[in-house]
Amino acid sequence: MLNSITKHILHCCLLLVVILIFEFVSGGLRWNTDKKEEIDPWTRYGVIGAITLYLLRTVTFLSLPQVLFNFIGLTIYNAFPDKVVLKGSPLLAPFICIRIVTRGDYPQLVKTNVKRNLNKCIEAGLENFQIEVVSDKPIGLTPHRRVREVVVPPNYRTSSGALFKARALQYCLESSVNELADHDWIVHLDEETLMTENSVRGILNFILDGKHQFGQGLITYANEDVVNWITTLADSFRVADDMGKLRLQFTMFHKPFFSMKGSYVVTQVIIDI
């Protein structure tokens, strides 16, 4: 079995090979150094046509910062990390609320995932936690001391006019609904997101570290049965984005320069309110 460092080196080599192949196919690099016929765009296309073409080519540079962040993030950080080791005792961790937001259209999916996430948290050694499901429609979760169901009233309106997920999350922060203290933590998840023991340990390490009050985790796809390979492969781009651009901007600069996801967000309550 290859270790994580060897896997990452092979991953970087494969990335370099893909880039070189693309450059040769697209004509950016050529084996044949013979001088080709040069075309004067000002003569062939006219002033307006040449300016338009140059402007269109300049537009491609708009994506350059994100491309660089993606490339650097995918190469300098190990893409195949080892098993996460706890850096402290879960007993010393503050209260953690795993908040799942859903519209309530798929209650059975929510029930199944809540049960799985609950078991994973217990298996990972998490002690002081609760899973909270925030829904626009009643789910009917089985009563459990670690599970809480919150239904957002249809007539609820936020002061800012926020809708959908933001509306539901804001409702949880209302003084009449919120049960958390300022020093507690919230892990924001979507209804389809499944936790792993590594993710739970990573969250604990992040919280026990105490350096930051806001964090973003990696989400992968195709871990369960694949329903549609086309859409699953399309989602793989989001994984690369997480492992490259997002990882670099948060790990090195601690700021969301370009973007962030709406799920697997870890925040302390005091900065949520």
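**Exercises on a two-domain chain**

Between domain 1 and domain 2, the number of salt bridges is zero. The exercises below concern a predicted model.

**Exercise 1.** Determine how the chain is divided into domains and what distance separates the domain centres.

*Solution.* Begin with the assignment: domain 1 comprises 4-30 + 40-76, and domain 2 comprises 91-268. Next, take the centres over C-alpha atoms; those of domain 1 and domain 2 lie 35 Å apart. Eight residues from domain 1 and 11 residues from domain 2 take part in the contact.

**Exercise 2.** Characterise the area buried between domain 1 and domain 2, and identify the residues of domain 1 that lose the most area.

*Solution.* The two domains bury about 800 Å² between them. Carbon and sulfur atoms supply 74% of this area. On the side of domain 1, the greatest losses to domain 2 fall on Gln66, Phe69 and Asn70, which together account for 62% of what that side buries.

**Exercise 3.** Compare the radius of gyration of the chain with that of a compact globule, and state the box its C-alpha atoms fill.

*Solution.* For 273 residues, a compact globule would have a radius of gyration near 19 Å, whereas the chain has 24 Å. Along the principal axes, the C-alpha atoms fill a box of roughly 75 × 50 × 40 Å. The secondary structure of this chain consists of nine helices and six strands.

Terms used:
Residues numbered from 1 in each chain as written. Predicted model: local features only at pLDDT ≥ 70, side-chain atom pairs only at ≥ 80, totals over all residues. Heavy atoms only, no water. Domains from an automatic or database assignment. Contact = heavy atoms within 4.5 Å. Buried area = accessible area lost by both parts, 1.4 Å probe. Salt bridge = Lys/Arg side-chain N within 4 Å of Asp/Glu carboxyl O. Helix = DSSP H or I, 4+ residues; strand = E, 2+ residues; numbered from the N terminus. Rg over C-alpha atoms; globule rule 2.2 N^0.38 Å.
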